[in-house]
Amino acid sequence: MAYSKVTITFTEIPELNTYLTIQETTRAKIFVETFKGNRLASYQVKLPVLVGPDTYSGFVTDNFKTAFQLDHNFANEYTIDVINGLPNSGIGQVIITANYPGAVFSVYENDSGAILNFSNEPAIPEIAISDISFSEASTNKCQNIKVDVATSILAVKVLSPVVINPNSNNPFSFDWLRGDSINVLVEDANGKQANQTVILPSLLNASNFTINVNNSPNGATVIVENVNSTGLNLQYSLDSVIWQTSNTFSGLAVDDFILYVRDQFGCSFEKGFTVNEFGIQTPYFYISKSNSIRFANRITWGDSGNYKTDENTLSCEVDVDVPYKEVQQFQSADIITTQFKANYSSNVAKIIKEDLSEVLIPVEKKTNNIGIKDKRDARKYNIGSGKTGIYFISGNNYDYHTNTITGTYSLNGLLPEWAVEGNYIVIASAWFLIEDVVFDETKNADVIIISQNYTGPEVNIVVGSVFNRFNYEVYEFSVDMVNYIDQRFQVQLVNSDPNFPTITHLSEELWCKVKHEDVLEIKYRNTTNTDVFYATGIEFKIRVPFTFVRGRIDEESETHKTDTNTLLLSAELYEVDEFVFEPVTKEIWRKLMIALSHEIVSINGVSYVKNGSFSTEGPLESSNLYVLTAQMIKTGNIYNSQGSGNLDFSGSEVEVPGLIATETGFVRY
């Protein structure tokens with residue numbers, strides 16, 4: 001191994017002074033500087049003794065070596081050799097060799113009269129990693145990336161994360177998995193090592209990207225959001241020809257699109273999306289089991305998927321030894337309404353007769369939940385960091401399209417129903433995402449936060465929104481049974497949309513007659529919205545065959561007993577009927593229990609409420625049949641010994657023709 005070396009030659013002896021000072025006086029000054037910046041320059045050298053004209057005893061070189069050893073070589077970092085001159089000359093050479101690489105000797109100052117000749121050997125620098133960059137991988141560019149490493153001198157060995165031994169390239173390259181954290185370790189020809197830890201750019205994966213569609217009167221705004229894209233410079237396109245670095249596309253019409261995304265390392269992917277009228281990307285369909293007609297979802301059953309369930313099988317399709325086919329019975333006076341909730345663009349209901357002929361049934365939309373438009377006065381102010389706050393006190397409502405005043409509102413710091421995180425608002429034709437909702441104590445109001453660099457004073461603005469109250473609409477269709485007397489048929493419901501898979505529901509077989517024998521008419525509804533939107537006024541009806549009806553009594557009494565007498569303090573009698581129904585299939589058995597559990601139930605025109613738990617027998621043998629027994633208590637026939645007779649359960653009086661209610665009772669007229 002070569003070391004840096006300096007040779008100091010003394011060619012004459014200065015007679016100006018007794019000493020040759022290296023630092024403290026202005027004689028000969030020398031410093032030794034290494035690649036680390038260390039400086040050595042603090043010693044004095046004694047001159048040889050003058051014994052005659054130009055004759056000396058001793059040598060300045062020996063004195064120089066002694067001084068250097070004492071001051072700077074206690075750790076043996078240097079080897080010092082002396083070559084003395086002629087006898088009595090007092091002069092010669094001092095050769096200093098560094099015992100480590102990279103030392104550099106240089107003249108700092110010399111005014112002593114002695115001549116110092118420095119002859120450095122080239123120093124060998126230690127290896128260092130000077131740069132790590134990335135480029136396209138040789139193969140599988142979406143999974144891997146090429147790592148390019150440059151070093152200050154040649155790395156003859158690459159030890160991690162790959163092994164390249166020997167290596168002759170600088171820079172050198174290797175492919176590695178994207179998103180990984182690696183430690184690059186190299187070694188030079190002198191055995192010195194250098195390392196550096198680096199995180200590689202992320203995977204470009206379509207699953208990390210979300211496409212948010214926001215509609216406006218001027219076309220949709222599509223924002224592409226992504227996570228885990230560290231180190232990637234992304235470009236976006238809708239045609240794979242024109243590319244942009246912005247992740248936002250504006251003014252898109254209702255249509256199907258393909259988003260193209262690529263990075264600087266040769267990876268790209270495609271992801272389809274649809275701009276529809278209201279920005280809905282997730283299908284929704286729900287049909288309640290409270291409906292009069294029982295439906296099953298039509299699918300293709302498989303061996304390892306798409307198993308048969310209660311929801312996708314008709315009664316005759318269930319996996320039992322003896323599957324009975326259910327026939328729902330209706331009479332010609334019945335108008336049976338079915339309700340469902342969906343966000344499909346097409347909802348088609350039809351009758352399928354026994355001869356397979358079809359009759360379309362009109363489907364009516366009952367709600368306006370999707371695409372609601374609102375525009376009103378608001379206030380905005382700067383909250384810093386490129387964010388703007390908007391809040392609502394009171395002001396005008398406006399027609400969304402014409403901006404004419406339609407009324408006034410007063411929220412006093414509360415927010416409109418659409419002002420929730422994730423919705424979009426429009427201000428003067430520009431659309432903004434509601435990023436957060438906070439309460440501002442200085443405004444005493446709830447505030448929505450948007451990204452807008454507004455630095456002016458608080459001002460009044462007009463804010464609009466197109467929003468969905470719910471992600472579905474409520475639909476109803478009705479079957480007037482008078483049109484199908486003495487016929488057996490089924491009802492089919494098909495929901496389709498360009499953005500969603502089509503779903504089809506088929507009913508059990510329905511049988512209409514003018515009058516069915518031995519059936520009970522059960523009508524039922526709730527007073528509030530549950531899984532059914534009862535605000536439309538819908539009421540359900542089923543007709544179920546029964547075996548018999550037994551009278552029962554539900555009674556409560558309180559007595560007072562003495563030694564000589566017993567007094568009745570109070571007594572209440574409730575009329576109860578116990579209904580034993582004929583065997584029905586499993587899902588109709590469930591539908592019957594659901595029907596009898598509603599708030600308002602009438603059986604053959606008599607009002608009842610559920611009294612206690614149901615009793616069930618079944619399944620019968622190896623079939624899909626169940627027998628239901630239900631105790632129902634009448635709502636308008638309660639005897640109270642302390643009252644004046646029968647009491648209406650609801651608290652209202654029963655109207656009797658020919659009687660007028662007075663303060664003291666009733667008067668006949």
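This is a predicted model: local features need pLDDT of at least 70, side-chain atom pairs count only at pLDDT 80 or more; totals for chains, interfaces and linings use all residues.
Okay, let's start at V186. Leaving aside residues up to four places away in sequence, V186 touches I127, I129, T151, A155, K157, V158, F172, K192, Q193 and A194. As general background, nonpolar side chains in soluble globular proteins tend to be buried together.

Right, aromatics next. If you search the whole structure, you get 17 aromatic pairs. Take F392 and W418: they're edge-to-face, 5.8 Å centre to centre, with 85 degrees between the planes. F392 sits in the loop between strand 31 and strand 32, and W418 in the loop between strand 33 and strand 34, so this pair ties together parts that are 26 residues apart in sequence. Buried or exposed, then, for F392? Buried, at 0% relative accessibility. W418 is buried too, with a relative accessible area of 1%.

The other pair I picked is F579 with Y608, again edge-to-face, at 5.5 Å centre to centre and 85 degrees between the planes. Here we're going from strand 45 to strand 48, so parts 29 residues apart in sequence get tied together. F579 comes out buried at 3% relative accessibility, and Y608 is buried at 4%.

There's also an aromatic cluster, made of F285, F340, Y475 and F477. The charged end of R262 sits over the ring of W243, 4.0 Å from its centre. Then K375 lies over the face of Y400, at 4.9 Å from the ring centre.

On to the cysteines. How many disulfides does the structure hold? One. It joins C142 to C267, with an S to S distance of 1.8 Å. The torsion about that S-S bond is about 105 degrees, so the disulfide is right-handed. It links distant parts of the chain, 125 residues apart: C142 is in the loop between strand 11 and strand 12, and C267 is in the loop between strand 21 and strand 22. On accessibility, C142 is partly exposed at 24%, while C267 is buried at 1%.

Which peptide bonds are cis here? S160 to P161 is one, with omega about 0 degrees, and N165 to P166 is another, with omega near 5 degrees. P161 lies in the loop between strand 13 and strand 14, and P166 is found in the loop between strand 13 and strand 14 as well.

N403 has a phi of about 65 degrees; it lies in the loop between strand 32 and strand 33, and N403 is partly exposed at 44% relative accessible area. D486 has phi near 60 degrees. You'll find D486 in the loop between strand 39 and strand 40, where it's exposed, with a relative accessible area of 58%.

That's my tour, thanks.

Note on methods
Residues are numbered from 1 along each chain as its sequence is written. Side-chain values use heavy atoms; hydrogens and water are left out. Rings of Phe, Tyr and Trp (its six-membered ring) pair if their centres lie within 6.5 Å; planes under 30 degrees apart count as stacked, over 60 as edge-to-face and the rest as tilted. Helices (H or I, at least four residues) and strands (E, at least two) are DSSP runs, numbered from the N terminus. Buried means under 20% relative accessible area, exposed over 50%, partly exposed in between (1.4 Å probe, protein chains only). A charge sits over a ring if NZ of Lys or CZ of Arg is within 6 Å of the ring centre and within 35 degrees of the ring normal. A disulfide is a pair of cysteine sulfur atoms within 2.5 Å. Contact means heavy atoms within 4.5 Å.
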